[in-house]
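Reader: I would like to learn how to read a fold from its coordinates. Can we work through one case, feature by feature?
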Amino acid sequence: MEGAAGVLHPFWEKNMILRVPSYYKEFRCIADRCKDSCCIGWEIDIDEDTFSYYKNVGGAFGERLRDNMVTEECNSFTLAENGWCPFLNEKKLCDICIELGEEALCEVCTEFPRFTMEYENVREKVLSLSCEEVGRLVFSSDKKIAWEEFEVADEYDGEWKDDVSDEQLSENDDSYDDEEGMPVSSSSLEKVRTHAIEILQNRTKPIFERAAEYLLYCERMQQELYGCHPSATSGEMPEEKRQEKADDSSTVTSAPGYHDFLARMEVYEQLEVLDETWTHVKGALRMKFSEKNYRDAQKAFLKDLGTREYEYEHLLVYFTNRYFMRSYYDANILNKAKFAVVSVLVIRDMDVLRYLQNGGNFTADDRIDTVRIYSKEVEHSEENMELLADDLQFEEVFETARLIEQL
């Protein structure tokens, strides 16, 4: 993989540092007990090694494997009409595991919900909240989330596994400091992330006050580390975005809070739909909220949530842990912070909707479910992540000061 200025990283002679969240080792797949199986509704890619292995499996099961494999843009399984993996049986168990053993699974099935990012000699692994069991681990405790580190005897092999396209990685010039002509070191970025998380976990202040402080800190560090950098908020707006704004002659007549909700909805309604549940949620949000009830419903929900505001802390820390160090490659600290905050704002809207639908009740299962729906729709589509990254950069509703008003 090309480095920050197009320079090939050498193999690292020292051990890799493996860094995982504190709850990582507790995860166990619950298989058939999962309400929203990862074997349903997902395109299941097959890595090259496993594809070659499957092509040579003998007997009737080998024929079944090959009958359900397709090669188009990438190797994958053909899903059944109901959206199920063709090897998920009626008991919601995997026939490949049963017939060939767990070691025969393709990489995506073995790894999910784990995602890996590597930079220099560090490998960071996270668990995605699109998995309900991960949600159960994350939100069942109010204990502050922390990292755990281990040394592993492994060389950096240049492999990138966390949904970043080759095109994005080719723009690595952006990680260079304009004044010094040198890249911002990973250790500097790690220190910024550590302090950002300390801000989020400072429980002497309300969570949304912390979120505002977190945004302002990341904006300041964007300027201090990169100055007037193309990736910073002073970046020039692309021509197509400028034209969109020129063509928008709508007049805002609604209250600020509700108007910002509508503006967020307009952005999120552009996303590629991965699950029809997302379509239902979008429609229900539009139907349930109005200028008259939006703020009052939000206040009632947050009052009843009470001590469970730590759940939003965990969410902000999760998004920061998962995405912040991408700044090592794209030099855009502020966008990572904005994504975390905007995600929480959208999830909060979904929470309030569920609260109203439940007649003023919001359970632990509701928390897991709203986050799962959001994560599955947003984090598992490269197209959606790129669209949001662009809008976070240039849409007025996502300007730092405007976001703070929405908290």
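Reader: How many helices and strands does the secondary structure of the protein chain come to?

Author: First, a caution: this is a predicted model. The protein chain has 18 helices and 6 strands.

Reader: What share of the 407 residues counts as buried?

Author: Of the 407 residues, 51% count as buried.

Reader: How do I read contacts along the sequence? Among those between residues at least 6 apart, what percentage joins residues at least 24 apart?

Author: That figure is 76%.

Reader: Now backbone geometry. What is the general idea?

Author: Most residues other than glycine have a negative phi, and most peptide bonds are trans. Look for the exceptions.

Reader: Which peptide bond is cis?

Author: The bond from Phe 112 to Pro 113 is cis, with omega near 10°. Pro 113 sits in the loop between α4 (107-111) and β4 (114-119).

Reader: Is Ala 331 buried or exposed?

Author: Ala 331 is buried, because its relative accessible area is 0%, and buried means under 20%. Glu 120 is at 22%, so Glu 120 counts as partly exposed.

Reader: Next, charged residues. Is Asp 260 buried or exposed?

Author: Asp 260 is buried, at 4% relative accessible area. Asp 260 lies in helix α10 (residues 256-268). Setting aside residues up to four places away in sequence, Asp 260 touches Val 397, Arg 402 and Gln 406.

Reader: What about Lys 336: which helix holds this residue?

Author: Lys 336 is in helix α15 (residues 333-357). Lys 336 counts as buried, at 10% relative accessibility. Beyond its neighbours within four places in sequence, Lys 336 contacts several residues, among them Tyr 214, Phe 324 and Asp 330.

Reader: Last, the surface. Which residues form a negative patch?

Author: Glu 43, Asp 45, Glu 72 and Glu 73 form a negative surface patch. Take Glu 43 as the example. Glu 43 is in the loop between β1 (16-21) and α1 (48-55). Glu 43 is exposed, with a relative accessible area of 60%.

Definitions and conventions. Residues numbered from 1 in each chain as written. Predicted model: local features only at pLDDT ≥ 70, side-chain atom pairs only at ≥ 80, totals over all residues. Heavy atoms only, no water. Patch = residues over 30% accessible without salt bridge, like charges linked within 9 Å, V, L, I, M, F, W, Y side chains within 5 Å. Areas by Shrake-Rupley, 256 points an atom, 1.4 Å probe, with all protein chains shown as cover. Salt bridge = Lys/Arg side-chain N within 4 Å of Asp/Glu carboxyl O. Lys, Arg positive; Asp, Glu negative; His and termini not counted. Charge placed at Lys NZ, Arg CZ, Asp CG, Glu CD. Helix = DSSP H or I, 4+ residues; strand = E, 2+ residues; numbered from the N terminus. Buried < 20%, exposed > 50% of the residue type's maximum accessible area, 1.4 Å probe, protein only. Contact = heavy atoms within 4.5 Å.
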